[in-house]
Amino acid sequence: MTSTENGADILILSSAIGSGHMRASAALVRGVALLDPARTCSIVDFPHEVSPGIEQLLRSAYLGSLKLWPAAYGRIYRSSGSARPGSYRNYVERAGLRTLERLVSSTGARALVAPHFYGAGVLGDYKVRNPRAFAAVVLTDYVPHPIGVPPNLDLYVVADEAAAEIVTRLGVPEEKIHPTGIPIDPLFEEPADPSGVRRDLLELEDDDLPVVLVMGGGLGGGELEKAVSLLFEASAAMHLAVLCGSNDRSRERLERKAAIEGHSATLLAFTDRVRDLMVEATALVTKPGGLSCTEALAAALPQILYHPIPGQEEDNAAAMARYGAGVVVGGMGEILDETLKILTSPDHRHRMVQCARAAHRPHSARSAAGLLLEGLS
């Protein structure tokens, strides 16, 4: 996270609840640096900045509801609409606005950006009080949710034309909406070194097995273990590269299972070589987070999408299926069948690769950064 102590031209109100918002924020910063290195950016974990206690409450409520009652979360997500509950609005106006005013004062920021719905809600209220401030949202899922789209901002960066239509229906003028894609690391536009990944990270220099990349989100967890265990059944036909996130227990259990049963797999917590892994992989098995899906499009990597969170991940998965770049499994048992279909059918794999290339929005971080810099001029 970038410090706010020395000031910044652009202030990004992000959130560490889920890894995608911070990754999109970092991509924006890199995009700005490519276009105008003299400009400075600051990323803040905005819910935490407002109150660590409230940030923990939001995190616990979100993760707890998904674990204990995911269907209820999905219903709440889809029915919440544009009207924020009274208690939420009261909280935004009091604590959020106070914090944002303090941050703007300390940084001297001239452009304010929110890639997370909480910061977006605050920006909407801040814009009412400060109409000359330049305020923008960068939406990190493929179907915008009304709670993250206050209609009075200056700029809306969205995933594609379908998302732009939704934002238009929410009352935003078309000229403010730009379907330049969810911002991802500009490295995804540069040549990768997959051979180095096989040699250094996967230790497969003398092995030509296809690589299947498996991701379960930043938290890993039980569904990831189920997915990997199913793929282990055909591990003689593939090498699994599994990103387990912060769930060390899942990684350790899977490592023991792979060692005991003799499966070809590399189990990782986090890595800074996701781009190279995606370029080397033949298929991606993942939960459909907005950033992961977008990165896979950039890598032209066919996606098998499992266990989407009701709400935003269901929408992301539907978008990948609409593009033809991903298939959504109806149950965990279908993961192995769909993976083997991609590995064994060149025509099927080629169609998915071509669809991913057609859906990819190149240079999304640079494009979003350019729009932000225009707002500063």
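How many salt bridges does the count come to? In this predicted model, the count comes to 19 salt bridges.

One of the salt bridges joins Arg 39 to Asp 36, with 3.4 Å between the closest N and O atoms. The pair belongs to a network of salt bridges that links Asp 9, Asp 36 and Arg 39. Arg 39 has a relative accessibility of 25% and therefore counts as partly exposed. Asp 36 is likewise partly exposed, its relative accessible area being 25%.

A further salt bridge is formed by the side chains of Lys 127 and Asp 154, at an N to O distance of 2.8 Å. Lys 127 is part of helix H6 (residues 117-129), whereas Asp 154 is located in the loop between S4 and S5; the pair therefore ties together parts that are 27 residues apart in sequence. With a relative accessible area of 9%, Lys 127 falls under the 20% limit and is therefore buried. Asp 154, in turn, is partly exposed, with a relative accessible area of 26%.

Arg 199 and Asp 200 also form a salt bridge, in which the closest N and O atoms are 3.0 Å apart. Arg 199 is partly exposed at a relative accessible area of 39%, and Asp 200 counts as partly exposed at 48% relative accessibility.

An open sheet is formed by 6 strands with parallel pairing, in the order S9-S8-S7-S10-S11-S12. Its edges are strand S9 (265-268) and strand S12 (326-328); each has a single partner strand, so one side of each is left without a neighbour in the sheet. On average, neighbouring strands of this sheet are turned by 15 degrees against each other, direction ignored. Within the sheet, strand S10 (residues 283-286) and strand S11 (residues 303-305) run parallel and are joined by 3 bridges. Val 285 has Ile 304 of S11 as its bridge partner. Helix H13 lies across S11 and S12, and runs at about 130 degrees to S12.

In soluble globular proteins, nonpolar side chains tend to be buried together. The largest nonpolar core of the model comprises 35 residues, and those with the most contacts inside this core are Tyr 142, Leu 213, Leu 277, Met 278, Leu 297 and Met 320. Two or more residues are given to this core by each of strand S7 (211-215), strand S8 (239-243), helix H11 (274-280), helix H12 (290-298), helix H13 (312-323) and helix H15 (346-359). Of these elements, H12 gives the most to the core, with 5 residues. When neighbours within four places in sequence are left aside, Met 320 is in contact with Tyr 142, Cys 293, Leu 297, Gln 303, Leu 305, Ala 325 and Gly 326. Another core, of 31 residues, lies apart from the core described above and has Val 122, Leu 123, Val 149 and Leu 153 among its members.

Helix H16 (residues 364-376) has 13 residues and, at 1.5 Å a residue, should span 18 Å; its end C-alpha atoms are 19 Å apart, in agreement with this expectation. The buried residues in H16 are Ser 364, Ala 365, Ala 368, Ala 369, Gly 370, Leu 371, Leu 372, Leu 373 and Leu 376. Their cover includes strand S1 (10-14), helix H1 (20-35), strand S3 (111-114), strand S4 (134-138), strand S5 (155-157) and strand S6 (177-178).

His 363 is partly exposed, with a relative accessible area of 39%.

Technical notes
Residues numbered from 1 in each chain as written. Predicted model: local features only at pLDDT ≥ 70, side-chain atom pairs only at ≥ 80, totals over all residues. Heavy atoms only, no water. Helix = DSSP H or I, 4+ residues; strand = E, 2+ residues; numbered from the N terminus. Expected span 1.5 Å × (residues − 1). Buried < 20%, exposed > 50% of the residue type's maximum accessible area, 1.4 Å probe, protein only. Contact = heavy atoms within 4.5 Å. Salt bridge = Lys/Arg side-chain N within 4 Å of Asp/Glu carboxyl O. Core = buried A, V, L, I, M, F, W, Y, C linked by side-chain atoms within 4.5 Å. Pairing = 2+ DSSP bridges. Axes fitted to C-alpha atoms, helices over the stretch in contact; angles between N-to-C directions.
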